[in-house]
Amino acid sequence: MSRVRTLATLGTALVALCTPIAALADPLTPTGKWSANTDGSAAVPPMGWSSWNAFNSDVDEEKVLASAQALIDTKLRDIGYRYVNIDDGWWLKRRQPDGRLLIRTSHFPSAATGADTSFRSFTDRLHAMGLKVGIYSDIGRNSCGQIYTPDFKNQPEGSVAEREVGLYGHVDQDIRLFFAEWNFDFLKVDGCGARGLPVDAPRVKSGLYRALTPLVDMQSLGGTDIAGIRRLYEQVHTALHTHAGDRPYVYSLCLWGAGDVRAWGKDVGNTSRTSDDIQPVWPRMLTNLDTVTHRALYAHPGSWNDPDMLFVGTGDFDAAHSAEARSHFALWAMLNAPLIIGYDLRKLTPDLLAIFGNADIVALNQDSAGNQAVLAYDSSEVQTFVKTLADGSKGVALFNRTASPAKAVLTAEQLKMLPTADVRLKDLWTKKEQSFRKEIAVTLAPHETLVFRATGTRRLPGGLYLSEQTGRVNPATDGVVVPQPDPTIYQSITPWTGTRGGGEHPQYGGWGGAEADRAPYGKLLRVAGTDFDTGIGVLANSRLEVRNQGYARFAAKVGINDSGQPRSGTTVFEVWGDGRLLAKSRPMGFGEAAVPLEAKVAGVLIVELVARGSGAAANAATPQPAIWADAALLK
Ligand code: GAL
């Protein structure tokens, strides 16, 4: 950590020195543009099936086609499960000297089309079934299986060069092959090859693999080349642009929350993994869930958080554990995770189908507004998530993390609805309806998640709080100087180390940037002793981009959160519209009551909210928490 700190301090000093000449590159300068990724085809989170959780690398054509057929027979395809993705295990080798990738035809017989091998008839067949098809690669020279699970089946074969099946040095060639020639629609790019082959690794010393100086260190950002790893993933993005042509594609980043991907994944790919692999055990599901809960503002149409694929059907989430299976599924739906089934669909039971096929819950995930659920109530026992839907109604999940029954209360205020009017709830599992005023008490069975669709009278008529439209708010610059791992992530025992060693610390999935209805670092919103339950909390030296869907006015109360350190220094809040300054606060200091800040935004497409710190507020490793309380767009 000390090395990170030193680098950050150096960075701040360099920025300060360079600012006058490099003014154009100032990340706080409004651009009038939306900078999160919208390339590719992921206006809603991708849904489908993947071979990995079901079969690991023991994948073959028959298994894939059987699961594809099951998607059709069960009508899961018709409610959105369209992608059929092959993960690790498909490749045989990289032919020398021309570098063309060859397919393991013993497992994919339809690919045996001559010396070249081709997936084209395989993808044609799946396309003809009304499905889309995904393939898998690695950003380094070698695959995850080769490095971390060499005992798993179907590892690449041949000489050192032939076994280098990853994209490194072959980005253009491979992406052209996958998209222009083989016609795939989805690409997952893993990161193991950029991580596991240092010069002194036994697998390198033994002569089996060429060394590749690691760009990513899972445990430390000090040992990570953030710009270097980002550049590689950007190269793939560019190649997709070139070779997918006009065909829609999905680009799925798999860096497990490492490499500071928290800050840039949303600008580069359609989905970005926030954690290491999920396992079919309850504690691991908690770990993966926790890596996305504070990150609603980092997910938008075109760029989603990915806590990994579903394990519904297996282990702690099998048909005998319906509370757990339903919780896992409902939470993934609420948090706008890709809904990628990881189960052998040949074995699908009616109980499991009732979970995957719950169209009301799928509709929460696929809602066109694209708002990831926001954490309304948080504890280690019960959590309440609220998701604002395109029609103004709310998806609500009350989640019992514990193995004991738990009492919970849901309030109209948590839904941003009037407590004096009826709130109607429809239970999306039982379809039962009920209504309440002010609040309602429920009992949650162990590990149970109650999921409702709620309608009532909105507290803010004629407008929408920014925290109710997280899919349209992008922290282009979130003020984080020293990235930190999120300490609230449940630290489960990993199957890969067990309790050997010192324990796995949460990785750098993201902590301390912009949050909906909270201040940075999970703190509650409170300015000079006044509490707010609504707003955007962010650090000073930040710039938020907000898509304006036809509203006339922006209004907020701005100030420094009481959780702020340092207390000295000030922050100025500015509202910009399509690159023009519309309104500006006086410099706000710690302990001063929040002041109103309003601007006319009729006709403006992109509103930008800039918080500029000065003095200690700007130069600390943790800048002041700048609060846009009650921030809303109004008619
Ligand atoms: C991991 C990845 C998994 C799976 C696996 C294949 O790195 O997170 O989702 O793709 O590699 O070996």
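What volume does the second largest pocket have? The second largest pocket has a volume of about 800 Å³. A pocket is, on a 1 Å grid over the protein atoms alone, an open set of points with protein on both sides within 12 Å along at least five of seven lines, whereas a cavity is a set of points where a 1.4 Å probe fits but cannot get out; lining residues have an atom within 4 Å of a point. Grid points are joined across faces, edges and corners, and a volume is the space filled by probe spheres set on the points.

The model is predicted, with local features requiring pLDDT of at least 70 and side-chain atom pairs counted only at pLDDT 80 or more, while totals for chains, interfaces and linings use all residues. Residues are numbered from 1 along each chain as its sequence is written, and side-chain values use heavy atoms, with hydrogens and water left out.

The second largest pocket is lined by 36 residues, of which Tyr148, Thr149, Asp276, Asp277 and Trp496 are closest to its centre. Two or more lining residues come from each of helix H2 (52-55), H5 and E6, and H5 gives the most, with 3 residues. Helices (H or I, at least four residues) and strands (E, at least two) are DSSP runs, numbered from the N terminus. By class, this lining has 15 nonpolar, 9 polar and 12 charged residues. Here Ala, Val, Leu, Ile, Met, Phe, Trp, Tyr, Cys and Pro count as nonpolar, Asp, Glu, Lys and Arg as charged, and the others, Gly among them, as polar.

The ligand takes up the space of the second largest pocket; a molecule sits in a pocket if more than half of its atoms lie within 2 Å of its grid points. Helix H5 (144-148) and strand E6 (186-190) each give two or more residues to the shell around the ligand. Among the 14 residues around the ligand, those that come nearest are Asp87, Asp88, Lys188, Asp190 and Asp277, a residue being near if one of its heavy atoms lies within 4 Å. The shell comprises 7 nonpolar, 1 polar and 6 charged residues.

Polar contacts (pairs of N or O atoms within 3.5 Å) can also be traced here. An N or O atom in the side chain of aspartate 87 is 2.7 Å from an oxygen atom of the ligand, and for lysine 188 the corresponding distance is 2.8 Å. A polar side-chain atom of arginine 273 lies 3.1 Å from a ligand oxygen atom. The protein buries 95% of the 310 Å² that the ligand exposes when taken alone, with accessible areas from the Shrake-Rupley method with a 1.4 Å probe.

The whole structure holds 6 cavities of 30 Å³ or more, and the largest cavity has a volume of about 180 Å³. Of its 18 lining residues, Phe186, Lys188, Ser252, Met309 and Ile340 are closest to the centre.

Two features of the backbone remain. Glutamine 96 and proline 97 are joined by a cis peptide bond, with omega about 0 degrees. Lysine 416, although not a glycine, has a positive phi of about 60 degrees.

Notes. Polar contact = N/O pair within 3.5 Å; in protein donor to acceptor, adjacent residues only side chain to side chain.
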